[in-house]
Amino acid sequence: MSAPLSSNSGQPYFFFDFISPFSYLLLEQHEKWPDMPFELVPVQLMTLLERWGQPHAATIPSKRVFTYRHALFRAEQLGIPFKMPPAHPFDPAKALRLAVLANGEINCVREIFRYIWREGRDPATRDGFRGLCEHVGMPDAVARVEDEDIKAKLRDNNDRAVQMGVFGVPTFLVNEQIFWGEDTLPMVLYVARSPNWLDGKEVKRISALPTAPRDADFA
């Protein structure tokens with residue numbers, strides 16, 4: 001099993017959840033990523049949102065519809081095969097624990113994503129998860145994902161992601177800086193080439209802006 005995450009090691013991370021179509025789309029663009037040894041870290045989006053007090057898009061009907069349309073649009077724009085699973089949101093816990101069991105190995109993670117978002121399968125049902133384990137060549141994982149150490153590792157991933165400031169998925173963490181969203185890849189690439197940009201005067205100024213008083217009149 002991989003070593004515990006460290007927030008001060010300089011290790012670059014990619015945080016993802018299989019519930020997120022945008023995590024799938026970003027991983028499918030892996031050949032465009034910066035040439036860095038990213039560690040792929042499965043986390044539970046719902047847990048992150050709960051920790052930060054954020055609602056999930058699925059709780060707002062109009063946002064839910066827009067999110068699905070946007071994901072389909074981006075897939076078509078990027079030329080990435082895309083098929084929604086039969087129900088969403090689904091429970092991604094077992095699929096995430098499968099990724100933990102595989103130590104976040106990129107080929108396994110990619111195939112889990114493709115099973116869900118390319119084949120349109122539901123990994124939360126009994127048959128769906130069994131099919132997923134067979135798809136990635138780990139049929140014994142049906143039972144092994146129930147091991148307490150695997151569940152504890154996923155909880156640890158969630159806790160450490162929050163400690164690092166991660167508030168959603170997909171998220172890159174590069175040089176301890178957060179880059180969130182499928183459309184953040186150009187920014188990650190730019191900062192990888194020009195790291196001093198983050199030390200620029202205006203970047204520092206907006207990064208330290210004060211919050212308006214709670215009684216401010218925004219009308």
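The buried residues of helix α2 pack against α8 (148-163). This is a predicted model, in which local features need pLDDT of at least 70, side-chain atom pairs count only at pLDDT 80 or more, and totals for chains, interfaces and linings use all residues. Residues are numbered from 1 along each chain as its sequence is written, and side-chain values use heavy atoms, with hydrogens and water left out.

Me: What makes α2 a helix, and which of its residues are buried?
Reply: Helices are DSSP runs (H or I, at least four residues), numbered from the N terminus. α2 covers residues 45-52, and Leu45, Thr47, Leu48 and Leu49 are buried there. Just after α2, Gly53 has a positive phi of about 70°.

Me: Why is Cys133 called buried?
Reply: Buried means under 20% relative accessible area, exposed over 50%, and partly exposed in between (1.4 Å probe, protein chains only). Cys133 has 0% relative accessibility, so Cys133 counts as buried. Cys108, at 8%, is therefore buried too.

Me: What makes 14 residues in the lining of the largest pocket nonpolar?
Reply: Ala, Val, Leu, Ile, Met, Phe, Trp, Tyr, Cys and Pro count as nonpolar, Asp, Glu, Lys and Arg as charged, and the others, Gly among them, as polar. By class, this lining also has 8 polar and 4 charged residues.

Definitions and conventions: Helices (H or I, at least four residues) and strands (E, at least two) are DSSP runs, numbered from the N terminus. Contact means heavy atoms within 4.5 Å.
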